[in-house]
Amino acid sequence: MELNRTELRCVLSITVVLLLSSHAVAYDPLDPTGNITIKWDVMSWTADGYVAVVTMNNFQMYRQIMSPGWTMGWTWAKKEVIWSMVGAQATEQGDCSKFKGNIPHCCKRTPAVVDLLPGVPYNQQIANCCKGGVVASYGQDPAAAVSAFQVSVGLSGTSNKTVKLPNNFTLLGPGLGYTCGPAKVVPSTTFLSADKRRKTQALMTWNVTCTYSQFLASKHPSCCVSFSSFYNDTIIPCPSCACGCENKNCVKSDSKILSTPGINTPKKDNTPLLQCTHHMCPVRVHWHVKLNYKDYWRAKVAITNFNYRLNYTQWTLVVQHPNLDNVTEVFSFEYKPLVAYGSINDTGMFYGMKYYNDVLMEAGAYGNVQSEVLLRKDADAFTFKQGWAFPRKVYFNGDECMLPPPDVYPYLPNSSPVSARVILHNLAAPLLALLLLQMAAPW
């Protein structure tokens, strides 16, 4: 059956919409259950409202929230105000002119809240607060993958039946990319006393789930991948303009401007200062197939930062490769398998060793980290042909990196590569043997 032009256009339009919507739902195939859950626990009622502890749990295996940290926002259902906060603060007070005497901390109907910085007085702190909004990924450090604050809300109702849940939650982490669902009342959180002999519970609890979409965060990737191998002299570079080349200012690596004081100071809007490259990516990941043994093979991984204004603290690198089920040893990096689908063990997370290389410094002489991975060969699957030795997917800090097109991967022909030296040796050996036989024969 043939489609006319109108029908074909309709089919194409539907296909594009489905593709775009697949990005919008923020589903990550390598971390299918990853999300940030914001939990509100009402701990006590007040004369005109309640006191709640708000806890943000990062259940994403390899995506953290970096400096300058998270910003959380919502819309009040009625005319609520924030009387006070501990462990966080609203960025704006709003119009509180109708209040006399006690002035609320924030009167905006759409408050925006940020974490406090480290070192604030103890009377302004609660547990898991005051880290400048920095939250680790769950796979790297579960204990640091949480942030919390306390808020006293007024003009809100003083019982489970009169309190209305906030709506239109937003989360910047620190940039765009997160989409939050509606608040939902859930069974109240329970707490154990210090001696674990008494259990208490929140008076009311509701959850908000936020998921991340790279498509919403940026129209371009934020990293790229290059390849090389011991059996091929050609280095396969990152694709040109992999991270977009339009309207980007860059600095050459030998520019005198780099010696200007303060050039590495981050801007308030996180505007990058990139080194001029053909790919124009802030980060490049290089995968090099280094050595081939009888029962093992070795790959080298190098991560390079091309942003002069940003250090990547607690960075993560995720690689999908069929031979990661046989990782024997990882040098200089920490490694954790990511088994999202039962027994399929083809994905792993690399991250830096604490106090050694867990910070990827800004562009320059120290702006790189590297490691090597030793993998055991599986006789039924291992091959160097058709680019098998290179990753299928690479993520840096939770964002998928652009790989070179498959048709340019270094790969072996049907037989093993034979160097010119080997060819000359194979030709010379019989000739030399014949010559020796002739010399030894009697005249």
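How many helices and how many strands are there in the protein? There are 3 helices and 28 strands, where helices (H or I, at least four residues) and strands (E, at least two) are DSSP runs numbered from the N terminus. The model is predicted, so local features need pLDDT of at least 70 and side-chain atom pairs count only at pLDDT 80 or more, whereas totals for chains, interfaces and linings use all residues. Residues are numbered from 1 along each chain as its sequence is written, and side-chain values use heavy atoms, with hydrogens and water left out.

**The protein as a whole**

- Of the 443 residues in the protein, 42% are buried; buried means under 20% relative accessible area, exposed over 50%, and partly exposed in between (1.4 Å probe, protein chains only).
- The accessible surface comes to about 24400 Å², as given by the Shrake-Rupley method with a 1.4 Å probe, in which only the protein chains shown count as cover for residues.
- Carbon and sulfur atoms hold 57% of that accessible surface.
- Among contacts with a separation of 6 or more, 71% are between residues 24 or more positions apart; a contact means heavy atoms within 4.5 Å.

**Disulfides**

- A search of the whole structure finds 8 disulfides, a disulfide being a pair of cysteine sulfur atoms within 2.5 Å.
- One of them joins Cys129 and Cys130, with the sulfur atoms 2.2 Å apart.
- The torsion about the S-S bond of Cys129 and Cys130 is about -75°, and therefore this disulfide is left-handed.
- Both Cys129 and Cys130 are buried.
- Another disulfide is formed by Cys180 and Cys210, whose sulfur atoms lie 2.0 Å apart. Its S-S torsion is about 100°, so the disulfide of Cys180 and Cys210 is right-handed.
- Because Cys180 lies in strand S9 (residues 178-180) and Cys210 in strand S13 (residues 204-212), the pair ties together parts that are 30 residues apart in sequence.
- Cys180 is buried, with a relative accessible area of 17%, and Cys210 also counts as buried, at 0% relative accessibility.
- Cys224 and Cys238 form a disulfide as well, with their sulfur atoms 2.2 Å apart. The torsion about this S-S bond is about 85°, so the disulfide of Cys224 and Cys238 is right-handed.
- Cys224 belongs to strand S14 (residues 223-229) and Cys238 to the loop between strand S15 (232-236) and strand S16 (250-251), so this pair ties together parts that are 14 residues apart in sequence.
- Cys224 and Cys238 are both buried.

- Cys106 is buried, at 1% relative accessibility.

**Thr75 and its contacts**

- Thr75 lies in strand S3 (residues 71-75) and is buried, with a relative accessible area of 11%.
- Not counting residues up to four places away in sequence, Thr75 touches Arg109, Thr110, Pro166, Asn167 and Asn168.

**An open sheet**

- In the order S23-S24-S21-S27-S28, 5 strands form an open sheet with antiparallel pairing; two strands pair if DSSP finds at least two bridges between them.
- Strand S23 (333-337) and strand S28 (399-400) stand at the edges with a single partner strand each, so one side of each is left without a neighbour in the sheet.
- Strand S21 (residues 316-320) pairs with strand S24 (residues 347-352) in the antiparallel sense over 5 bridges.
- Val319 stands opposite Gly348 in S24.
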